[in-house]
Amino acid sequence: MAADRSGLRGKSLTADTRRRVWGFARPYRASITAFILTTVAATFLGLLPPLVIREIFDSAIATGDGGYLNVLFAVLIASALGEALLSLVGRRLSSGIGEGLIFDLRLRLFDHVQRMPLAFFTRTQTGTLVSRLNNDVIGAQRAFTGTLGTVVANIITLVGTLIAMLLLEWRLTLLAVVILPVFVLPARRVGRGLQAITREGMNLNASMNNTMTERFNVAGALLVKLFGRHDDEAADFSDRAGRVRDIGVRSAMYSQIFLIALTLVGAVGTAIVYWLGGHLAIDGSLSAGTLVALGLYTVRIYVPLTSLSNARVDVMSAFVSFERVFEVLDTPNPITDAPDAGELPRPEGRVEFRDVHFAYPPADGTPESLGVAAAGAQSEPADPVEVLSGIDLAMPPGWMVAVVGPSGSGKTTLVSLVPRLYDVTGGAVLVDGIDVRRLSQASLRAAIGTVTQDPHLFHDTVASNLRYARPDAADSELVEACRAARIHDVIAVLPDGYDTLVGERGYRLSGGEKQRLAIARMLLKDPAIVILDEATSHLDTENEALVQEALTEALRGRTSLVVAHRLSTIVDADVIVVLDEGRIVETGTHEELRQAGGLYAELYEGLLRAEVAGTSGPAETAEVAGQAVP
């Protein structure tokens with residue numbers, strides 16, 4: 001079941017978990033202390049009215065002292081106002097602690113997740129991560145300010161009330177408490193049931209969040225429509241939503257049974273106290289005022305007593321959220337800055353691969369509850385297969401290097417190592433003579449501009465998407481970059497120009513328009529090193545010529561690493577690197593490689609035939625000797 005996948009069933013609240021929770025609460029120690037003191041004060045004020053009522057019956061009424069009655073009335077009003085004020089102050093303190101914890105946890109989670117390497121996001125489900133940032137963080141907040149706050153308040157209320165009752169009449173106090181075990185055992189079973197269905201509900205909600213995240217973006221919605229799977233998707237969602245509905249009903253019934261039992265026990269206990277106390281009052285061994293005060297106190301002890309009987313279960317159930325938050329925070333990040341990482345303030349753009357080997361990392365350390373299928377993890381080979389082997393390549397500043405090869409030869413993987421999206425498993429990638437692992441990721445990536453085959457645009461305005469590269473860019477600089485990428489004229493005729501929303505993933509723009517906007521964003525960044533991964537693949541011949549002209553000017557003086565299958569890009573390169581099965585099999589200029597008659601010559605002829613035939617479209621490749629041309 002989903003709840004079993006969480007890996008949390010059967011866990012106890014360990015010392016490490018308590019220590020970490022207190023670590024998050026440490027900045028709020030003053031507020032927590034004030035909250036406890038406020039709760040204590042409110043509790044003792046709450047103990048005052050029954051004693052005042054006792055005085056009203058036994059003294060003021062019995063003696064006919066109207067002045068004393070007026071004083072007692074004023075005390076009752078003052079205690080009620082004081083308790084209300086303290087309750088308001090306590091609520092302000094607890095909400096400040098809770099919302100502060102939400103902020104801290106969300107910020108820590110968001111920062112940790114968005115710094116994770118690319119491999120993490122290829123294995124996890126987006127909706128599950130969103131659920132951890134929302135539902136589980138709120139659950140953790142409730143655990144601290146709700147459950148723990150209630151436990152503290154109940155302990156204080158119970159101790160104070162029992163002391164007051166014992167001082168008034170110890171026999172009736174013991175009688176009121178002795179019937180509690182009749183309810184304690186059923187209450188514990190109810191609590192365990194609520195704990196189990198809480199876990200299951202969390203996992204089901206995370207699963208539904210993931211489904212909605214994937215199906216409600218434009219790409220997911222389009223796929224569902226094209227395959228006609230609306231009914232299947234609705235049925236699958238209905239199944240999970242139905243289970244959440246059933247859990248909600250069960251939870252409501254458990255809670256209501258608990259409330260009814262609590263009310264019943266309170267009523268029976270109060271009735272017994274009044275019955276026996278009434279006989280004692282008739283015998284003259286107990287005053288009427290004391291009996292009324294004991295009756296009022298009896299009602300006050302059942303709520304905290306029954307609640308505390310389930311305290312451990314309640315705390316464990318609430319702390320499931322903390323466990324799930326820590327599960328994400330504990331996911332290791334293999335790509336981090338070295339303690340002595342240096343900066344790259346004035347990059348020259350020299351790139352070098354020294355005996356580079358690379359194999360995609362296994363899923364070790366990524367929790368299964370984040371969407372990693374256990375079966376998939378088990379099917380991974382013990383020794384990961386190398387995607388790149390023995391890559392040696394030196395790129396002087398300002399050079400343009402084209403990377404070509406059959407599909408799956410490792411071209412995109414190779415260029416991904418430069419901005420350190422992955423770390424090499426052997427050898428080193430160097431920028432300006434420095435191993436990229438010895439540089440801070442911020443300074444390294446600030447020196448690199450990338451345009452991929454499928455550029456991502458946020459659901460925001462054109463200007464905001466452009467300024468993602470440089471937030472302080474002036475409007476004139478946006479226009480200049482867009483003119484260079486030959487996209488300005490397209491933007492100018494949009495309904496709101498540069499303030500036009502592009503839609504999720506830029507779906508209001510054509511493929512070629514998205515590509516050129518991404519190129520403009522790269523140009524705005526003004527990097528020393530440029531990586532183009534099929535950056536012109538979505539352009540028609542006319543647009544490609546315009547963008548190629550802009551790129552030729554923009555790339556002048558910059559080092560560029562280009563994965564391409566367009567002839568115009570390949571032939572202009574200073575050097576062409578031919579990859580096959582993760583190894584460099586040929587290097588040289590276009591003419592040198594053509595004359596060599598090797599793999600490049602075969603690939604080139606296939607490209608030439610495809611372009612002459614007009615089949616080299618945005619998503620098309622030519623087949624040569626059973627291999628797809630990149």
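**Strands and their partners**

Me: In this predicted model, how many bridges pair strand β4 with β5?

Reply: Happy to start there! Strand β4 covers residues 426–431, and its pairing with β5 runs in the antiparallel sense. The number of bridges between β4 and β5 is 2.

Me: Is strand β3 largely enclosed or largely open, and why?

Reply: Let's look at both faces. Side chains in a regular strand alternate between the two faces of the sheet. In β3, M400, A402 and V404 are buried on one side, and V401 and V403 are buried on the other. Because 5 of the 5 residues in 400–404 are buried, the rest of the structure leaves β3 largely enclosed.

Me: What stands opposite V401 in β8?

Reply: Strand β8 spans residues 559–563 and runs parallel to β3, with 4 bridges joining the two. Within β8, the residue opposite V401 is L561.

Me: And which residue is the bridge partner of V401 in β9?

Reply: Good follow-up! Strand β9, residues 575–580, is also joined to β3 by 4 bridges, and these two strands run parallel. In β9, the partner of V401 is V575.

Notes. Residues numbered from 1 in each chain as written. Predicted model: local features only at pLDDT ≥ 70, side-chain atom pairs only at ≥ 80, totals over all residues. Heavy atoms only, no water. Buried < 20%, exposed > 50% of the residue type's maximum accessible area, 1.4 Å probe, protein only. Pairing = 2+ DSSP bridges.
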